[in-house]
Amino acid sequence: MADTLKPENDPMGAAILDFARNGKARCRLKVLSSMFDDDEMEVRHLFRTPDQMPELERKALDMATGRILDVGAGAGCHALALQKAGHDVTAIDISDLSCQAMAMRGIDKVRCINLYDSTLTGPFDTILLLMNGTGIAGKVAGVPRFLLRLKELLANGGQVLIDSSDLRYVYEDEDGNLDFDPSDGYYGEVDYRMTYGKVRGERFDWLYLEFPLLQAFAQEAGLHAELVAEGDHYDYLARLYM
Ligand code: SAH
């Protein structure tokens, strides 16, 4: 994955900055994938307030303590809520446009930086990865590196709060059998490309990882994984700690 995104290849960032400036998006944020039908993302959703957030995200906000790092913070909805509640929070994102929007929205500590950039150093007591936080790992093969990086940023006694979903339901038939050829990889490995008017993003990998697999990888990385809560659509919030 690129280090950070160039504004001309950053449709989501363009949409976020538009919305932060004008209270609305100029055009539709389209989400294309080689696996699914074309879809759209509601830009407003990225600006959700705690009362508009799913239960699992509110739970994560409640559990966040100490020095907090919000990874892939987007429009900064979680960082902003935590800062308002008096927490010390740093928001990072590879989208410079999104980081501009977050600064505009009043988030004090914003950095346009990749999670894997070595100039990002901890320690953090809570690392937050929300709205399919495992996505940043890209593919199953990227999970060990992803978890080791999170572990490296954690303070003693720190925790990672991360959400994802089991995409099994997409491929399951009425009898509960999986209509997915395992030689095609893991069914949670998805690719996306976004467009926003004339702004076209590059294709990227995005991983949905079921909890048992996350837990197995966490164990390999020397982390405990606890299932905090499950949502009503195969989604869950997990807590990883040393
Ligand atoms: N957490 C936000 C936004 C989720 S979208 C929310 O819940 O609303 C995922 C975000 O992760 C995007 O803004 C994308 O730019 C960012 N991102 C993707 N890969 C990243 C990486 N390697 N390091 C930091 N941010 C990343």
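Around the ligand stand 18 residues, where a residue counts as near if one of its heavy atoms lies within 4 Å. Arg48, Gly72, Asp93, Asn114 and Leu115 come nearest. This is a predicted model, in which local features need pLDDT of at least 70, side-chain atom pairs count only at pLDDT 80 or more, and totals for chains, interfaces and linings use all residues. Residues are numbered from 1 along each chain as its sequence is written, and side-chain values use heavy atoms, with hydrogens and water left out.

Look at the polar contacts next (pairs of N or O atoms within 3.5 Å). Asp93 has a side-chain N or O atom 2.6 Å from an oxygen atom of the ligand. For Arg48, a polar side-chain atom sits 2.8 Å from a ligand oxygen. Asn114 places a polar side-chain atom 3.0 Å from a nitrogen atom of the ligand. The protein buries 94% of the 580 Å² that the ligand exposes when taken alone. These areas come from the Shrake-Rupley method with a 1.4 Å probe.

The shell has 12 nonpolar, 4 polar and 2 charged residues. Here Ala, Val, Leu, Ile, Met, Phe, Trp, Tyr, Cys and Pro count as nonpolar, Asp, Glu, Lys and Arg as charged, and the others, Gly among them, as polar.

Now turn to the helices. Two packed helices are described by the angle between their axes and the distance between the axes. Helix H5 spans residues 143–153 and helix H7 spans residues 211–220. Helices (H or I, at least four residues) and strands (E, at least two) are DSSP runs, numbered from the N terminus. The axes of H5 and H7 come within 9 Å and cross at roughly 60°. Those axes are lines fitted to C-alpha atoms over the stretch in contact, with angles from 0 to 180 degrees between N-to-C directions. The crossing is right-handed, with the near helix turned clockwise from the far one by less than a right angle.

Which residues make the contact? H5 brings Val143, Pro144 and Leu147, and H7 brings Leu214, Phe217 and Ala218. Contact means heavy atoms within 4.5 Å. By class, this contact has 6 nonpolar, no polar and no charged residues.

Two loops remain. Pro123 lies between strand S5 (109–112) and strand S6 (124–129). The peptide bond from Gly122 to Pro123 is cis, with omega near 0°. Met131 belongs to the loop between S6 and H5. Met131 has a positive phi of about 75°, although it is not a glycine.

Methods
A polar contact is a pair of N or O atoms within 3.5 Å; within protein, one must be able to donate a hydrogen and the other to accept it, and residues adjacent in sequence count only if both atoms are side-chain atoms.
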